[in-house]
Amino acid sequence: MADGSKVPEVRLRPVTDQDFDVFFAFEADPVAAAMAAFPSRDKEAFAAHWARVSANETALRRAIVADGVVAGNIGSWDQEGERLLGYWIGREHWGRGIATEALAQFLRLDVTRPLLAHVASHNAGSARVLEKCSFQRGPAREAAAPPADDDIEELIFVLPA
């Protein structure tokens with residue numbers, strides 16, 4: 001890394017009920033939510049979302065653990081004939097190579113191709129993570145549900161077959 005610090009040891013493991021409070025705190029961070037261009041959910045909506053994810057038989061979800069601490073989550077799922085990928089890294093873990101390493105590991109678990117990821121155009125860090133893992137940028141489009149009245153441009157990244 002540029003600042004001389006070492007990249008943490010990253011591993012993926014199945015998500016447990018104990019992870020949800022950490023995931024909720026990550027999503028509730030207004031800076032992270034703005035970067036992701038994704039509105040934070042209240043506790044009830046958050047719980048309902050994860051209940052749906054848990055019930056989705058096409059979903060593969062993992063907790064990201066860096067140096068023994070839950071640093072985020074990553075998952076993939078089928079939606080409208082496409083296989084989508086999403087991840088969320090807690091802000092205190094940004095810039096340490098965790099997302100890139102977690103995605104590289106995840107791509108060995110989910111070998112479905114093509115695999116698509118949607119990224120807010122202003123989220124250069126996430127775009128770079130995808131590019132490092134061989135995703136290719138597709139066409140930009142407006143986000144389906146922007147968090148505010150502002151139009152959010154969304155980039156599509158594809159890991160081809």
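Predicted model: local features only at pLDDT ≥ 70, side-chain atom pairs only at ≥ 80, totals over all residues.
# Backbone turns, ring pairs and cores

Biologist: Does Ser-134 count as exposed or partly exposed?

Modeller: The relative accessibility of Ser-134 is 49%. Exposed requires over 50%, and buried requires under 20%. Ser-134 therefore counts as partly exposed.

Biologist: Glu-80 is in the loop between E3 and E4. Is Glu-80 buried or exposed?

Modeller: Phi of Glu-80 is also positive, near 50 degrees, in a residue other than glycine. Its relative accessible area is 78%. The cut-off is over 50%, so Glu-80 is exposed.

Biologist: Is the peptide bond from Arg-113 to Pro-114 cis or trans?

Modeller: Pro-114 sits in the loop between H4 and E5. Omega for the bond from Arg-113 is near 0 degrees. The bond is cis.

Biologist: Which class of aromatic pair do Phe-20 and Phe-23 form?

Modeller: The count of aromatic pairs comes to six. For Phe-20 and Phe-23, the centres are 6.3 Å apart and the planes make 75 degrees. Planes over 60 degrees apart count as edge-to-face. The pair is therefore edge-to-face.

Biologist: Which helix holds both Phe-20 and Phe-23?

Modeller: Phe-20 and Phe-23 are both buried. They are three residues apart, about one turn of the helix. That helix, residues 20-28, is H1.

Biologist: What class of aromatic pair do Phe-46 and Trp-50 form?

Modeller: The two ring centres of Phe-46 and Trp-50 are 6.4 Å apart, with 50 degrees between the planes. Stacked needs under 30 degrees and edge-to-face needs over 60. The angle for Phe-46 and Trp-50 falls between these limits, so the pair is tilted.

Biologist: Which helix carries Phe-46 and Trp-50?

Modeller: Phe-46 is buried, and Trp-50 is buried too. Four residues, about one turn of the helix, separate them. Their helix, residues 43-55, is H3.

Biologist: Which residues do ring pairs link into a cluster?

Modeller: The cluster includes Phe-20 and Phe-23 from H1. It also includes Phe-46 and Trp-50 from H3. With Phe-24, the cluster is Phe-20, Phe-23, Phe-24, Phe-46 and Trp-50.

Biologist: Which element gives the largest share of the largest nonpolar core?

Modeller: The largest nonpolar core has 26 residues; Ile-64, Leu-85, Leu-103, Leu-130 and Phe-135 have the most contacts inside it. Elements supplying at least two residues each include strand E2 (60-66), strand E4 (82-89), helix H4 (98-109) and helix H5 (124-132). The largest share, six residues, comes from H4.

Biologist: How many residues are in the second, separate core?

Modeller: Leu-130 touches Leu-85, Leu-103 and Phe-135, among others, not counting residues up to four places away in sequence. The second core is separate, and includes Val-15, Phe-23, Phe-24 and Phe-46. Its count is 10 residues.

Biologist: At what angle do H4 and H5 pack?

Modeller: Ala-99, Thr-100 and Leu-103 in H4 meet Val-129, Leu-130 and Lys-132 in H5. The axes are 9 Å apart, and the packing angle is about 40 degrees. That makes H4 oblique to H5. The angle asked for is about 40 degrees.

Biologist: Is the crossing of H4 and H5 left-handed or right-handed?

Modeller: Helix pairs are described by the angle and the distance between their axes. Handedness is the remaining item here. H4 passes H5 in a crossing that is right-handed.

Definitions and conventions. Residues numbered from 1 in each chain as written. Heavy atoms only, no water. Phe/Tyr/Trp six-rings, centres within 6.5 Å; stacked < 30°, edge-to-face > 60°. Buried < 20%, exposed > 50% of the residue type's maximum accessible area, 1.4 Å probe, protein only. Core = buried A, V, L, I, M, F, W, Y, C linked by side-chain atoms within 4.5 Å. Contact = heavy atoms within 4.5 Å. Axes fitted to C-alpha atoms, helices over the stretch in contact; angles between N-to-C directions. Parallel < 35°, antiparallel > 145°, perpendicular 65-115°, else oblique. Left-handed = near helix turned anticlockwise from the far one by under 90°.
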